[in-house]
Amino acid sequence: MIDIINTFINGLSLGGIYAMIALGYTMVYGIAKMLNFAHGDIIMVGGYTLFVAIGLFGNPILAIVVAIILCGVLGVLMEKLAYKPLRGASPLAVLITAIGVSYLLQSLSQIIFGAGTKYVNMPNWGSITLGSLRIQVYTLVTLIASVVIMVALSVFIKYSKTGRAMIAVSEDRAASELMGINVNTIITITFLIGAMLAAVASTFYLLKAPSISPTFGSMPGIKAFTAAVIGGIGSIPGAMIGGILLGVIEVFTNSIPAIAPYTDAIEFTILIIILLVRPTGLLGKKRREKV
Amino acid sequence: MIKHKKNFKLKHYINYIGIGFVTILFSILSLTGNASISLQFLLEKIAISIILAVSLGLVVGFLGELSLGHAGFMCIGAYIGGKVSAMLEASLGCGISNLLISLIVGGIAAGICGVIIGLPALRLRGDYLAIVTLAFGEIVKTIFINTSAESFGGATGLSTPRYNREFLFIYAFIIVLIMLFIVQNLIRSKHGRAITAIRDSEIASRATGINVTRYKLLVFALSAFFAGIAGVLFSFSNYRVQCTKFDYNYSIEILVMVVLGGMGNITGGIISSSLITLLQVKLATLLSGNLAVLQNVLYALILVLIVIYNNAPRLKGFREKYSIKVLFNKIFKKKADPATVRDDEAKWDRVPTKINVDDLLSMDLVVTESVAKPDKGGEHNE
Amino acid sequence: MNNNVSLPVLETKNLGVSFGGLKACSEVDITINKKEIYGLIGPNGAGKTTIFNLITGIYAPTTGEIYLCGEKINKLSQETICHKGVARTFQNIRLFNNMTVIRNVMVGLHNRKEFKCSFIESALRFPRQFKVEKAMREKAKEILRIFGLEEERNNLACNLPYGMQRKLEIARALATEPKLLLLDEPAAGMNPNETMELVETIKKIRDMFDITILLIEHDLKFVSGLCDRVTVLNFGKVLSTGTVSEVLNDPSVIEAYIGKDDE
């Protein structure tokens, strides 16, 4: 029983990380109507920034701030250079460009840092015991931080002017433009927020397992995307639910030795099944194409 | 009717002629003992790349769906075909019969998976489908990596029979020719037309009676079948199958070949896949270690730049002035075909209207003056 | 032909559809006889296009039935309904934009029995493939000639001017050999000359191909010059049915359009 609770808490904390990344995917999809394939690689850039910054400053908090800023800048640059020229082009073209950007970031980091795994000197906070329950502190921190971030983001989107403009752009870009919303700015802000969230997620990921390689971002990226799709892409609560669901599933399947090697396959199979049953995910809006 | 000579279009046969020429040339070289092993290996790789690019081009360029799991189909073909061939080695040896059987079995196994992946394609579109195909590729990889050593070799991989290098690339190019024959004929037939119609507008295709389900499954199956065959060839070319090779990056590499060659352009796909493979092999000997990744950077840049160049709405004017097609026409002073170019050409440059004229015009019922005002008197003559 | 002449080509009984509680249309009864040109008019949002979408199988009706020549078609797929003999055009033109004009029409010819050619035959280049392709080309040219589009056959569909695109869409629908042709605002965006020409063309194709036509149109001049009978829809319900002048004299129609006469 204790094991199950422990696994569940671990699952929730992993789910929190996935949810943070998934939020980036879902917001960009909802507002820019594109799938940012390179989102996972922002996590990787965040990871390498931490690696370098901790080496330079020795102060993890400062390193995290640097990583968040750098990732934010990267997100905005990516949008301005690669995606903005293609606004209005076919979705396939945008998707392929995003894949190209992802590939570019991976290859560049491989040239700079080498293909091997690097160890990031993250702080170790040890663990606390509650009765017979032993929980790693980073698990709790991740859990709390992800809840705080999600609540903050929801409040921001619901009550701030920019947040409401985001909703408007995601509903109808042309109409919001006519209403005087600067769509380009909104899209840039979306990329900025998404990239910063990815940097935060990267930090928590490294707290869990402090090693990094150029493909560090792809798996969490694909998983988080899966989470976003399961929850219904474009939907913010959907991303949270999908992320947590996927995190819990992953930790549980990993804890059963017989099926542990197939964890990825199981998660992707769940994705395919959910998409077949509900093509727009759990909370996604069904859009009827006007004929 | 008199048979017109103009029915013979060089354009339609250029691929056969090109590939046929290369095949014959290198066959002679190889059979007279003038081809090195590395050249044979390069040719095998090129043939495999062509098959992959053309087969993925069917899905991406003609059907207009993005598949990111092409390496997954290849992986299935490589494992199943390689295994069949290894099993048959005792009884059939490393002859052409073994090769044929394993190619077909590997291709069909991949083709069946293509149908399975095609099923979600019926319900999902665009981004969602892309992610399903990506997931499929990962699932395939995970399954094969966890197989036992006796069945498919697990993480260490599966050894495949060693075919004679002198012939393997010739077989590979013959397969390329057969594939081109099938794919090109299909694309130029009414079925190909139906497929491109689905790409242009699925709703209109359905309304026109095109069986969208059937064609989508067909394209996915055919594309996967050829990817599977490429996989079998790949396993023979490397003497070994390891599923780590068939990862997401490999799928992307094939996609780069398709995009670089031009969507829906078979000749372009052949040229770009050959060039990229050639470059890859040549660069691999030049660059070593982490610098070898430089070519990946190059791919990525090429991919992004080409897509932006070809699709950015703002570059439209620039494209019309400086595209390869225009250049080609200039160099060869292509005569204007009266059927395609009209004298009042200016009119034809008109960009299809983005403003929805219907919305502007669909005002409420217009009561024109010729129809007398119904509220007074009510005589309507017309 | 086992088509009973007395059977109407299209008959809808109590047809209705609702989207999440919103009734887009309900209790629609329309009967269209052979060779009739029938108009569907009404203000925006009256459910005209919805009815088209119901007939062609894009939406499944929540209530009621649709009969094509006595055969129930409301559970069939869009493709099957097309094979049974219903073809349509779209309000916002949906051509195969990256294909040439003639190929657009040839897609329409795809399912005709005389142009049957299996997948294998095409892929392996059987002689039939060539024969069929040539015959299709000829047939497509023939259809394009009716619409005066023969000269444009090698242009890309997206490069045609608006009026021609509308005509091409009709040509493509006609190529499927329909019994019933649904035209969604065929004259939208056309100038008066083109509109008059279109009236003639529609009459001509009705006579040439022996087909029945159901059309949606806002231009009353167009409707009165063309339609034998019309149905007026308002808020998804049938307001009135009859000849154009009958309908325009119907007080309920006048009320719906002009408003109540408060003298």
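**Figure 1. Helix H3 (residues 101–108) of chain C is largely enclosed by the rest of the structure, because 8 of its 8 residues are buried.** A residue is buried if 20 or more other C-beta atoms, placed from the backbone, lie within 10 Å of its own. Helices here are DSSP runs (H or I, at least four residues), numbered from the N terminus. This is a predicted model, in which local features need pLDDT of at least 70, side-chain atom pairs count only at pLDDT 80 or more, and totals for chains, interfaces and linings use all residues. Residues are numbered from 1 along each chain as its sequence is written, and chains are lettered from A and ligands numbered from 1 in the order in which they are written. The cover over H3(C) includes helix H7 (190–200) of chain B, along with helix H5 (127–146) and helix H6 (162–175) of chain C.

**Figure 2. H3(C) packs against H6(C) at an angle of about 30°, with the axes 6 Å apart.** The two helices are therefore roughly parallel (angles under 35 degrees). Axes are lines fitted to C-alpha atoms over the stretch in contact, and angles run from 0 to 180 degrees between N-to-C directions. Residues making the contact (C-beta atoms within 7 Å) include Val101(C) and Asn104(C) of H3(C), and Leu168(C) and Arg172(C) of H6(C).

**Figure 3. Helix H2 (residues 39–57) of chain A reaches 27 Å from its first C-alpha to its last.** That is close to the 27 Å expected for its 19 residues, taking 1.5 Å times one less than the number of residues. H2(A) is largely enclosed by the rest of the structure, because 15 of its 19 residues are buried. Just after H2(A), Gly58(A) has a positive phi of about 75°.

Note on methods: A residue is buried if 20 or more other C-beta atoms lie within 10 Å of its own, exposed if 12 or fewer, and partly exposed in between; C-beta atoms are placed from the backbone. Two residues are in contact if their C-beta atoms, placed from the backbone, lie within 7 Å. Angles under 35 degrees count as roughly parallel, over 145 as roughly antiparallel, 65 to 115 as roughly perpendicular and the rest as oblique.
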